[in-house]
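Subject: Structure for you to look at, with notes

Dear colleague,

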Amino acid sequence: MYYFIVNPSSRSGHGKEVWQTVEEILDQEDVEYRVYFTAHRYHATKLAQEITAQNTRLTLVAIGGDGTVNEILNGIRDFSTVTFAYIPTGSGNDFARALGLPSDTAEAVNNILHPSYFCRVDLGKAILGEQTQYFAVSYGCGFDAAICHEAFSSPVKNVLNRIRLGKLTYIATGIKQLILCKSAPAVVILDGHKTFRFRRTCFVTVMNCFCEGGGVRFCPSAKTDDGLLDVCVVEGLNRFLMALMFPVALAGLHRFFPGIHLHRARSIEIQSPKRLPVHMDGEPYFLRGRVQISCIPRVLSVIAAPR
């Protein structure tokens, strides 16, 4: 049995259009399935909880963006009972990019219905006080998260998505946040014993995939199945260098900039005396005090594509 969770509003209605194509293919192939549509934020989490409550093996397919994937993963009750699949319809689609999943809808459906390759991927787990959240792509705090916070509620994003220019939302928002953002002190502890102190932290991103934000390669060596999380700390850059760094990071060449620190660890603790904006897979959250992050190795079975 295939279970589909569809975000019809992803990329300003593109998710609904994609589902119509998927539905035609499923009906043509006489596939047994059930479909659920999200209506508001966190709805996908609730739907995933209900679907996986039966505790039997099933295939769960997400149709939406990285945020939809994030919500679904945080609703799965037992990862060992679920085979996960993904048809990307978001603005960034970094999870699909990292796994090399098809972007063409018909090809993606065929790959799911007639899979020839499965992989097991890591997930990140973040503990913020009493709250625990999983992420598939990345966790970030500071400047990159501030961009996600504003872009998440931006009416301009909806307009640009309609004409397939949604990435420009992040560029425009990034320019604005570049003017407004202020650095903050931060302490990063890797694997419980390697401590790094930064006085003027622009942002810290912890990545399971090699890119976020629609292809920005902050951690170009990150792999989804190595049992490790990659960390990029950006410290002390002035606004000019910050603005220059982002397009350079599309090619993963930002590591040559001063103030770029790249690390790899199984667990990461981030501490800051300031309240910082936080995102997980582009979904906005807030941090006060500290967060503990760990890698859950190869916990999720995914229908992937041969490379």
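What follows is an account of what was found in it, taken topic by topic.

Please keep in mind throughout that this is a predicted model.

Taking Leu-60 and setting aside its neighbours within four places in sequence, one finds it in contact with Tyr-3, Ile-5, Ile-51, Ile-72, Ile-76, Val-82, Thr-83, Phe-84 and Ala-85.

The next place to look is the loop between strand S9 (194-207) and strand S10 (229-235), in which Gly-215 lies. With a relative accessibility of 11%, Gly-215 falls under the 20% limit and therefore counts as buried. Although Gly-215 and Phe-95 are 120 residues apart in sequence, their C-alpha atoms are 9.9 Å apart in space. Not counting residues up to four places away in sequence, Gly-215 touches Asp-94, Arg-97 and Leu-250.

Two of those contacts lead on to the charged pairs, of which a search of the whole structure finds four that qualify as salt bridges; I describe some of them here. The side chains of Asp-94 and Arg-97 meet in a salt bridge, with 2.9 Å from N to O. Both residues sit in helix H4 (residues 94-99), and because they are three residues apart there, about one helical turn separates them. Asp-94 is buried, at a relative accessible area of 2%, whereas Arg-97 is partly exposed, at 34%.

A further salt bridge brings together the side chains of Asp-230 and Arg-264, at 3.0 Å from N to O. This pair links distant parts of the chain, with Asp-230 in strand S10 and Arg-264 in strand S11 (residues 260-265), 34 residues apart. Here Asp-230 counts as buried at 5% relative accessibility, while Arg-264 counts as partly exposed at 41%.

Arg-290 likewise forms a salt bridge with Glu-269, and the closest N and O atoms of that pair are 3.1 Å apart. Since Arg-290 lies in strand S13 (residues 283-303) and Glu-269 in strand S12 (residues 267-280), the pair ties together parts that are 21 residues apart in sequence. Arg-290 counts as partly exposed, its relative accessibility being 43%, and Glu-269 is buried, its relative accessible area being 14%.

Strand S5 (residues 118-128) and strand S6 (residues 131-135) run antiparallel and are joined by five bridges. Leu-128 stands opposite Gln-131 in S6. Two residues lie between the strands of this hairpin, and Gly-129 takes a positive phi near 65° there.

A colleague

Conventions. Residues numbered from 1 in each chain as written. Predicted model: local features only at pLDDT ≥ 70, side-chain atom pairs only at ≥ 80, totals over all residues. Heavy atoms only, no water. Contact = heavy atoms within 4.5 Å. Helix = DSSP H or I, 4+ residues; strand = E, 2+ residues; numbered from the N terminus. Buried < 20%, exposed > 50% of the residue type's maximum accessible area, 1.4 Å probe, protein only. Pairing = 2+ DSSP bridges.
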